[in-house]
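Trainee: Could we go through this protein together, starting with its pocket and ending with its charged pairs?

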Amino acid sequence: MQAKAEHRWDVFDNVEISKQTVGIVAHGDIGRAVASRAKALGMRVLALRRDPSPRAGDEHVDRVYAAADLHAMLPECDYVAVTAPLTPETTNLIGKREFDLMKPSA
């Protein structure tokens with residue numbers, strides 16, 4: 001609003017989201033909803049879940065990773081959506097080490 005009042009039109013540095021990769025940590029109901037929307041935007045969709053075997057709802061996912069493969073999935077991601085419920089098992093699931101594994105732009 002201040003820029004507008006000053007008649008200053010700053011250029012925004014926009015990033016096209018299509019063709020980018022999103023990793024979804026926990027591909028349950030919320031994760032599947034994120035996947036369908038991300039795929040509709042033209043994104044590559046990766047999902048992480050306990051059991052990586054094929055199931056209903058995978059039509060929007062390009063690749064499914066087993067929970068033990070979190071560190072293999074993260075370096076591929078431009079975005080990460082953590083949709084896992086907070087439980088003793090998921091507490092501290094994403095920390096400094098995981099952020100260090102992500103792309104610098106993630």
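The questions below concern a predicted model.

Trainee: How many residues line the largest pocket, and which lie nearest its centre?
Mentor: The volume of the largest pocket is about 420 Å³. Its lining has 20 residues. Nearest the centre lie A26, R50, A84, P85 and T90.

Trainee: Which element gives the most to that lining?
Mentor: Two elements, α2 (29-40) and β2 (44-49), each supply at least two lining residues. The top contribution is 4 residues. It comes from α2.

Trainee: What is the make-up of the lining by class?
Mentor: Charged residues number 6 in the lining of the largest pocket. Polar residues number 6 as well. The nonpolar count is 8.

Trainee: Is T90 buried or exposed?
Mentor: T90 sits in the loop between β4 (79-82) and α4 (96-101). Its relative accessibility is 18%. The cut-off for buried is under 20%, so T90 counts as buried.

Trainee: Which backbone oxygen does the T90 side chain reach?
Mentor: Leave aside neighbours within four places in sequence, and T90 is in contact with A84 and P85. The side chain of T90 reaches a backbone oxygen at 2.6 Å. That oxygen belongs to P85.

Trainee: Are R49 and D58, which meet in a salt bridge, buried or exposed?
Mentor: Their side chains meet at 2.9 Å, N to O. R49 has 6% relative accessibility, so R49 counts as buried. D58 has a relative accessible area of 15%, so D58 is also buried.

Trainee: How many residues apart in sequence are the parts that K103 and D78 tie together?
Mentor: The side chains of K103 and D78 form a salt bridge at 3.0 Å, N to O. K103 lies in the segment after α4, and D78 in the loop between α3 (70-73) and β4, so the pair ties together parts separated in sequence by 25 residues.

Trainee: Which residues do salt bridges with shared partners join into one network?
Mentor: The model has 9 salt bridges. Some share partners. The network they make joins R44, R63 and E76.

Conventions:
Residues numbered from 1 in each chain as written. Predicted model: local features only at pLDDT ≥ 70, side-chain atom pairs only at ≥ 80, totals over all residues. Heavy atoms only, no water. Buried < 20%, exposed > 50% of the residue type's maximum accessible area, 1.4 Å probe, protein only. Polar contact = N/O pair within 3.5 Å; in protein donor to acceptor, adjacent residues only side chain to side chain. Contact = heavy atoms within 4.5 Å. 1 Å grid on protein atoms, 1.4 Å probe; cavity = no way out; pocket = protein on both sides within 12 Å on 5 of 7 lines; lining within 4 Å. Points joined across faces, edges and corners; volume = space filled by probe spheres on them. Nonpolar A, V, L, I, M, F, W, Y, C, P; charged D, E, K, R; others polar. Salt bridge = Lys/Arg side-chain N within 4 Å of Asp/Glu carboxyl O.
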